[in-house]
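Look at the sequence and the model together before reading on.

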Amino acid sequence: MRMKMKTLEVNVFGVVQGVGFRWFAQQAAQKNNIVGWVRNRKDGSVTIQAQGTEENMANFLTTIKKGPGFYSRVDDVEIESIAPFESNVFAIRY
């Protein structure tokens, strides 16, 4: 049986830059077998493009919504389905 894949763009708003959020997202992605990338945006938010199975993606999003902890704060998360892409890693983009 083939697992249903989800491909999402996730925009995270709050105190998410300068607090290790990209590294945190990369660790969460690797733990949940998610591929894609994360990068900071000029407006202070973080954008993630992520692809994985429905179950893994649900676990990844739960982690992302919590944030890395003490110095960070996730105020809002916007999630949108996007076209699938080819990748075998989860990268931090600069």
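The paragraphs that follow describe a nonpolar core, aromatic pairs and two further residues.

The model is predicted, so local features need pLDDT of at least 70 and side-chain atom pairs count only at pLDDT 80 or more, while totals for chains, interfaces and linings use all residues. Residues are numbered from 1 along each chain as its sequence is written, and side-chain values use heavy atoms, with hydrogens and water left out.

Start with the largest nonpolar core, which has 21 residues. Such a core is a set of buried Ala, Val, Leu, Ile, Met, Phe, Trp, Tyr and Cys residues joined through side-chain atoms within 4.5 Å. Buried means under 20% relative accessible area, exposed means over 50%, and partly exposed lies in between (1.4 Å probe, protein chains only). The members that touch the most others are Val 12, Phe 21, Ile 48, Phe 60, Ile 64 and Phe 90. At least two core residues come from each of β1 (5-15), α1 (21-31), β3 (46-53), α2 (54-66) and β4 (73-81). Helices (H or I, at least four residues) and strands (E, at least two) are DSSP runs, numbered from the N terminus. The largest share, five residues, is supplied by α1.

Phe 60 shows how parts of the chain meet. Apart from neighbours within four places in sequence, Phe 60 is in contact (heavy atoms within 4.5 Å) with Ala 25, Ala 28, Ala 29, Asn 32, Ile 34, Ile 48, Ala 50 and Phe 90.

How many aromatic pairs does a search of the whole structure find? There are three. Rings of Phe, Tyr and Trp (its six-membered ring) pair if their centres lie within 6.5 Å; planes under 30 degrees apart count as stacked, over 60 as edge-to-face and the rest as tilted. The ring centres of Phe 21 and Phe 24 are 5.8 Å apart and the planes are at 55°, so this pair is tilted. Both residues lie in helix α1, three residues apart, about one turn of the helix, and both are buried. Phe 70 and Tyr 71 form an edge-to-face pair, 4.9 Å centre to centre with 90° between the planes; both of these residues are exposed.

Thr 53 is in strand β3 and counts as buried because its relative accessibility is 13%. Leaving out residues up to four places away in sequence, Thr 53 touches Met 3, Lys 4 and Met 5.

Phe 85 lies in the loop between β4 and β5 (90-93). With a relative accessible area of 21%, Phe 85 is partly exposed. Its C-alpha atom is separated by 9.1 Å from that of Ala 50, 35 residues apart along the chain.
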